[in-house]
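This report describes a structural model chain by chain and then turns to selected residues. The structure is shown first, and the description follows.

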Amino acid sequence: MDEQVRVLDELEKEEYESVPVPFQKLGFWVFLGGEIIILGGIVASAILFRLSYPGWFKSSEHTNVVIASINTMVLLTGSLTAVLAHKFATIREWGKVQLFLGLTALCGFTFIGIKFIEYSREIHHGFVPSAGIFWMFYYGITGLHGLHVLAGSLIILGVMLFLRKKKLVEAVENAGLYWHFVDIVWLYIFPLFYLT
Amino acid sequence: MSEAVASAGAIHHEESFLRKYLFSKDHKTIGKQYLITGIAMAILGGTLAILFRINLAHPGFLTNEQYYAFVTYHGAIMFFWVAMPILLGGFGNILIPLMIGARDVAFPTLNMFSYWVFFVSSVILIISFFVPGGAFSGGWTVYPPLSADPERYLGANLGTVLFLLALALEFASMLMGGVNFITTALTMRAKGLTLMRLPIFVWMEVVASLLFLFSVTPLIAGAVMLLLDIILGTHFFRVEAGKVGDPVLWQHLFWFFGHPEVYVILFPALGILFEVITTYSRRPVFSYKLVVYAAIVAGILSFLVWAHHQFVAGINPLSATAFSVTTILISIPFSMTLVVMGLTFAGGSIRFTPAMLFAIFAFLMFIIGGLSGLPLGAVGSDIYFHDTYFVVTHFHYTVFTIAVLSTIAGICHWFPKMFGRKINETFGKIHAWLTFIFYNGFAFPGFFLGLAGHPRRYYSALEFGYLQKYQWVHELMTVSAVLLLTTQVVFLFVFFYSIFAGAEEKSPNPWKSTTLEWLAPSPPPHLNWGSFAPVVERGPYEYARNGKDIDYLPQGKLVKLKQPASSGHEH
Amino acid sequence: MLPEDISQYGYLVDRVIKLSIWGIVIVGIISFFIVFYILYKFRRTKNPFPLSDVPSGLKKVVVIDYVMIIFDLILLFVSTWAWFFFFVRPVEKIKKEVQEKGEKFVEVRVIGRQFFWAVEYPGKDGVFGTYDDFKLGNLLVVPEGYNVFVKLTSGDVLHSFFIPNVRIKYDVIPGRETHLWFKPVKVGKYEIACAELCGAMHYRMKGYLVVLKEQDYLKWLDSAPFSEISFVYLEGDKINFVRGGEMR
């Protein structure tokens, strides 16, 4: 059924009022807009609390900057490979696209693995989510972000499978966009929890 | 390729029952699924309302725990499981692609998924009502600390978690729908259908979807925090000795969503009213541009008014004055919209069909609902009116109008298009009048209770000496409410009867309406337009334009699809 | 409809209520009249074909928008006036003004709990934290003509402290302290309601505001030990004290 819709759409392309963006891209950006506000909402709440509670700074000394920096590097590497994947997709070298997408997903899973080590260290030291205002935001926000990294990695794996059936540049581009979004969110979280 | 075109006319090939009715990707089937589920939930929400309404007339009919659970679920169901699925999921899905001349929504699979997520959320909501520990009973606004520590304050832990989960799934479902609507309406418009030629209903759906997208997302963050509070014992919103949390933060997040949310359901309802009123008064919208701009301005302003729900709830008093100003300001675009609506009747040749009667009543109720918002938006009188029956009555005059009157106007108007059958007109008129009378009998006395200072969410008015003398008002309201629900139940019987056994409607355009959906056959086949494609030539409301015999010009015409010039596409 | 106003400044709120209600009633009636006129005049049986334009007389209906804007502005002005008077001015400033005017005042603390109002009095010396402080449940006793300053806080969930007769309402929030101020000028017994859903017994969270004449109030303060006095009620002009566990 979808195939037929697509064929008809293709035929009708000139029957539609022309718009500068393809609908997949527009839809994806609308979705990203929503995502940005979800994480923006919770980060804004954290900043509000941070401004009014001085205890924040004391707690944030207990976070592990080294591990977090490694994680930042992992995420940024993932972004780089995602960009490379997109670049090779535009020149249709699909083998390399698969390789770099695989690397990106690997970065995602590495990130989550490292995050688990970090969490277990902190919980071992007694910093559970209900230990204080800082820790509840720490776990809430980094946990939510971790879920997004997981989702991003799964999306990229999905795109890898999808590319075997159909070679679509847009799919690589959108998956990459999502990865960049997750990456950028981390760049806000990192200073908020580790560098203060 | 050319075979595809040849078969496009008769694209109805056999599908299994599951594929066709349950897991369909057709926007019309999904729309009808939303509509029917929404109606089912409306029966549930209405029944709850009647039960606790009876309790208000005769305290002791329910226990107080039951009463508060019913009130909570009634509010949540009517907002999130009735008004939103019917107006966005139902009418939006059925009408947006048809009105813009598309074959389906932009992401049909996502659309199907969105419905099933919604369905699951409804099931979880109903389950949450029956779990051990009891249903959540902290009000549909889920204010912490009551909701953040439900075990301690309400005795309903599991119920609260499931309630929040159902809410989150419903939001996710509506977000998917919103992404679909925005993308579809912006990228899949038929040739010639520029933005300023879109039917007002489509404009309203797009603005509503955008509002929802940008308002619900901070609340999702808030819901995550609240769930952490309940499950992990954090204290984002809980206050215990030595631990700082802020219950007011939730109120900010909730109402930052909550106020735009009202417009999320209000705008589609206004859109339906404009379509209905232009058709039956045979006049174009008095000022199309004013309506569109007013909706956009009101949509933007709606993000700046949220704290009027918290005037006396511990926000900075100075900022309360600022919010009072924006709240009063927002009445201006709406008063303009309503004046435009009133002038759309003027000069027309008005047919009082059931749809039109409902639209007229909805219009009148919106006037009352809108005006009664002023004493609440003015911060000085809100000191007294806050959380009294005045508020309850005000939002019932708007939300009931949205979820019932406008919706039924839309159902009567598009019934032939959706199901290819007619719905009895005489019955429809009687139904409209009875609904109008019983509704006002039920709601209007609430204003007097509000003036008397009756706080809302009281299990019984008999506890307070200054309220005892108004018990007869509660009795009057209950009688009217029971009659109101009975009327709607009779309507539902007629509705379902007409779907299966109504007189067939042969003409694709029985009301001589202009917009594109009336060019498609009734009911439209899968992919809507067969081997034709609609081409738009003019604005959406060309009534009273063309002499005396045919007083309208359709917005566009159907042209036969061109054969593809070449099959040089590569995929 | 409004309960009797027994406070010195409740009229400020009443003024906003009356202005807004009368305004919307008048605008509403005019709008309804216009709508019915249009519907009647342009019904199909009388007017079988639509006109090509709205009659110019009817276009003047747009004036309603301007009326609404002007009405909005007046309403905003009056309502903000009342709001500033009650809530925006800091309570210290009001206290100072009151003292400069030579008026008397009392202070009390009210703690909202599931499901009662705990009222703390500073006792005869008017200072909290001294030996003669005492607590009463659901009973706020104040002298007539005094300014009453209430410090509100909550022991558990959200409540809302609402005295219809003095036109005052404010949410009671755990972890925060809110200040209210009113001045009762009529002796009597009035009800205090909770206006924010606080649990299953929300509807029974009832307190009493008892306004006594100054000498009666002083006599009541004198009748120690306070812990034994749990209830005060009025019969006509007479005040009765009930000692020991009569309280609910």
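B:Tyr73 counts as buried because its relative accessibility is 1%, where buried means under 20% relative accessible area, exposed over 50% and partly exposed in between, with a 1.4 Å probe and protein chains only. This is a predicted model, in which local features need pLDDT of at least 70, side-chain atom pairs count only at pLDDT 80 or more, and totals for chains, interfaces and linings use all residues. Residues are numbered from 1 along each chain as its sequence is written, chains are lettered from A and ligands numbered from 1 in the order in which they are written, and side-chain values use heavy atoms, with hydrogens and water left out.

**Aromatic pairs around B:Tyr73**

Over all chains, the structure holds 98 aromatic pairs. Rings of Phe, Tyr and Trp (its six-membered ring) pair if their centres lie within 6.5 Å; planes under 30 degrees apart count as stacked, over 60 as edge-to-face and the rest as tilted. B:Tyr73 and B:Phe129 have ring centres 4.8 Å apart and planes at 80°, so this pair is edge-to-face. The pair links distant parts of the chain, with B:Tyr73 in helix H4 (residues 64-100) of chain B and B:Phe129 in helix H5 (residues 108-130) of chain B, 56 residues apart. Helices (H or I, at least four residues) and strands (E, at least two) are DSSP runs, numbered from the N terminus. Both B:Tyr73 and B:Phe129 are buried.

B:Tyr73 also forms an edge-to-face pair with B:Phe163, at 5.3 Å centre to centre and 65° between the planes. Here too distant parts of the chain are linked, since B:Phe163 belongs to helix H7 (residues 157-187) of chain B and lies 90 residues from B:Tyr73. B:Phe163 is buried, at 0% relative accessibility.

**B:His413**

Helix H15 (residues 389-419) of chain B contains B:His413. With a relative accessible area of 1%, B:His413 is buried. Its side chain is joined to that of B:Tyr280 by a polar contact of 2.9 Å. A polar contact is a pair of N or O atoms within 3.5 Å; within protein, one must be able to donate a hydrogen and the other to accept it, and residues adjacent in sequence count only if both atoms are side-chain atoms. Not counting residues up to four places away in sequence, B:His413 touches B:Glu275, B:Val276, B:Thr279, B:Tyr280, B:Ala355, B:Trp511 and B:Trp518, where contact means heavy atoms within 4.5 Å.

**Chains A and C**

Chain A has seven helices and zero strands, whereas chain C has five helices and twelve strands.

Among contacts with a separation of 6 or more, residues 24 or more positions apart account for 79% in chain A and for 61% in chain C. Chain A and chain C do not touch, and their nearest C-alpha atoms are 14 Å apart. Of the two pairs of chains in contact, chains B and C share the most contacts.
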